[in-house]
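Dear colleague,

I am passing on the structure below, and I would be grateful if you could look through it alongside my notes. The notes follow directly after it.

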Amino acid sequence: MKDSMDLLLDEVSNELFQKFVTNDTVVGVQRDDGIYIATKATVTPFLIKKMLKSGAALGAYQQLTYLDLLRWICFDFDCKKDAGGNVKELKEKYVIPFTKVLDSLNIKYIIEYSGRRGFHIWILFNRAIPKNLGYLIQDRLLDGMKSCLAADLVYGLDRFPKVLSGKKKNKYGSMVKIPLSRHQKGTYSYFVNDINNFSCEKIEKFDTSFLRSQLECLKKFSVNNPIELVERIKLDVQQIEIEEFVKRQFVTPKENYSFEQLERAFESDSALKIIWRNISNGKMTICDRKIMLGTFAHIREGEKILWQIFKMQSNFNAEITNEEIRKNKRVYFPLTIQYLHSIYGVSPCKDQRSIAEFVLEKMDIPFESCEIKKSKDSLLIESILKKENNYFHYNDEVLSLKIEQDFRFFSFYDISESNSVLKKIIAGEAETPLDIDYMSFLRKEEKKERIMISLGVKERVLTTALIFELVSRIQKDYKSYSYHLNLSEGGDVFSPWINSWSKFIQDVSVFFNLKLFEDFGFIKADLKNCYDSIFLSSLKNTLLKSIDKKEKIGKEISNICNYLISFNERLMINAVGSQKGVPQGPAYARVLVEFILDSIVDEFIEKNITLSNKVKIFRYVDDMYIFYDSTLDGEKILMELASFFEKNSLFFNKEKTKIYGKISNLSLEELEEFGRLNQLMYDVTQEKSVLLDGDPCFAMDRFVLRNGEWSINDANFLLSNCIDLPNRIDFAKKHLEQIAASDMGRGSVFRKFYKLLFSSPFLFQLFINKEYYKEIPINSINFKNFIQILFTSVQNNTLLENKENQLKCLVDYFSKDDGVEFIEKSILIFLSKSLEK
């Protein structure tokens, strides 16, 4: 059981996190010279607790990344260095008079004594507010004090935010030490309950009595409603500044207009003028793009304008642009001119028209506007159909033309029928079908082969819809970083893998990169053949653990589980001849595995409750990073955890599982592998130069060779849209033969590779001249994707110009091979005829 001190630390850490952490993706870490540096790390109550227990200091950043929105403002009254002031006089001269101003206005605040030379007065809000509004609130509250402070040579004030928003966005905003941090000279900052009778006592050590008093201050401290606060201080800012940044509207112009008219309209407003300058120079920012998408995606025929705008950009890519518009046009909406001015830091205005309304009026174009309301009647099946289509194009090993066609022709009747079956399953009135439509592919990996399954469209839509229905009923997510359902509109079934993987790497990197954890032990564990070995028999009991099985919701969960287990058993018997395991590929299987693995780890922690605060397990599918307090035995932890997995017929892979011991004892190579990967991936996307064996090189080369040799697995990241096109081409050029000749690797890797190849004249010519196409292993995942991408390129007229003869040469070469399987042979015959035309 946790002792009272530990429980208090838990509560205090959670309160500090909830109240003072706005941006949980970055933390200020103090160097030995006292300077704080911004460090990318996930800020959690656990990290704050570690700070408290270690007597360390961490900084909280005021803004969300690249967004001028904040949840608190802070006034830092301080004795100027070497000016002869003292905190008691500072308190009487400035702090108490300022708190009287706040009290008179009924503004809620909390006072923190720095432990040395000053006080922080914090004001929190119950919602995010624009940075400029926070600054103006500070200005008004300091009205009677600013001139006095400005002339004072002994005492001063630092404000957070320090300035109004500028034209160039600040990434994180200002940093303030998290309360209860410990100064390098040994004293803690802490909250003051009664400023009038405060004696400025220095605290050098925590005890339970002190922590209880701090927890009482935190719980008593409440947040402010910014609208009410603005009214009380009589600040001349309309509520729209706080409440309404966008207009959910669709605008229909009654007349046509030209691009030249549009340019003149943009030039008439200071913020829009900045955007148009970026458009004209071909250097739109991400912010510009989102604003233009939100505007023109909601004007009739506005997508034509969007295409004209995006085509002017230096990094224009038709396929990416089309996909981004398709994915995001229902996410972003027109901003108001007032909020636009706030974002770009130009002269404030109170114009509540949307950008669309403003521009059309400037062009004297009559229009109609209607509000866009969120539809409550849309069927889950329609949403899942779109998500599964996206998932199919990214996840499946080979883009089956049959499945692609079935998606295209999935009718309203099919949607209605699937919805009817879904309801019957939930009610326990449906049986598993005897025939399941699926395709299987063999994917080679190092030392093993995997059978990958692609379900038919009806099967994949229904099983994924059941997973969404299941999660909505159990109201529970798993703690791993892998395969979290995307519950928002549009997008894939799951959140993007690159985001999930980066978050995983970022969070484990905290333990390797912060001195706070250098005494912790580290274990890297890997489950052997997890998908092939897992049994779903425990699934129902796992999910119904805290739910009454006799209640309606409990029965529905049970019915969904029964159907999915039965479906899975039938599919596995058909595909591999055994009920054991789950297929690799379908979305439903990934989610069920996550729930079962999560339950095993949870059971391990519950049965070893004393470890809950001393062991942290980070899991990404079957890979686990385990960190443990130095007082514990790593071998014992691993053996105990292994016993819980073994009860479920899952075993650790001895070749990939290792107890490394203390983090401080890791070699430089190990630290590089585990602790620096997230930074290295970031450096790759930023095209930074790093060191390799002491010599400068591009971060991409360092990334590729970080484990001593090239790996096909890295291509998934290095050929993704996270990397600029020139760098993708450079990577492909360096490894053209290796990728073409590979019989290992995911289907998504080869799709990215061949799409890039067929769009780059340079790469394609090199590929032909060197005859690398002859290296492609026939009938491999690599080969099947090569043929599929070639086919879709011909179909979509996206082939390189004046390359017909070379493409025909490719087709003829593979057509002569008698070993090519039937489907690919049929495609080659079709391509041969198409190219002859």
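Predicted model: local features only at pLDDT ≥ 70, side-chain atom pairs only at ≥ 80, totals over all residues.

Residues are numbered from 1 along each chain as its sequence is written, and side-chain values use heavy atoms, with hydrogens and water left out.

To stay with helix 14 (residues 355-362), 6 of its 8 residues are buried, so the helix is largely enclosed by the rest of the structure; buried here means under 20% relative accessible area, with exposed being over 50% and partly exposed in between, for a 1.4 Å probe and protein chains only. The buried residues are Ile355, Ala356, Glu357, Phe358, Val359 and Leu360. Helices (H or I, at least four residues) and strands (E, at least two) are DSSP runs, numbered from the N terminus.

Turning to the sheet, 5 strands in the order 7-4-6-5-9 form an open, antiparallel arrangement, where two strands pair if DSSP finds at least two bridges between them. Strand 7 (155-160) and strand 9 (190-192) are the edge strands, each pairing on one side only, and the twist averages 30 degrees from one strand to the next. Strand 5 (residues 110-113) and strand 6 (residues 118-130) are paired in the antiparallel sense over 4 bridges, and phenylalanine 119 in strand 6 is the bridge partner of tyrosine 113.

Two helices pack on this sheet. Helix 1 (residues 4-20) touches strand 4 (69-79), strand 5, strand 6 and strand 9, and its direction makes about 105 degrees with that of strand 4. Helix 4 (residues 131-141) touches strand 4, strand 6 and strand 7, its direction making about 135 degrees with that of strand 6. Contact means heavy atoms within 4.5 Å, and axes are lines fitted to C-alpha atoms, for helices over the stretch in contact, with angles from 0 to 180 degrees between N-to-C directions.

Finally, helix 15 (residues 380-395) and helix 31 (residues 747-759) pack at an angle of about 80 degrees, with their axes 8 Å apart. They are therefore roughly perpendicular to each other, a class that covers 65 to 115 degrees, whereas under 35 counts as roughly parallel, over 145 as roughly antiparallel and the rest as oblique. Phe392, His393, Tyr394 and Asn395 in helix 15 meet Ser748, Arg751 and Lys752 in helix 31.

With best regards
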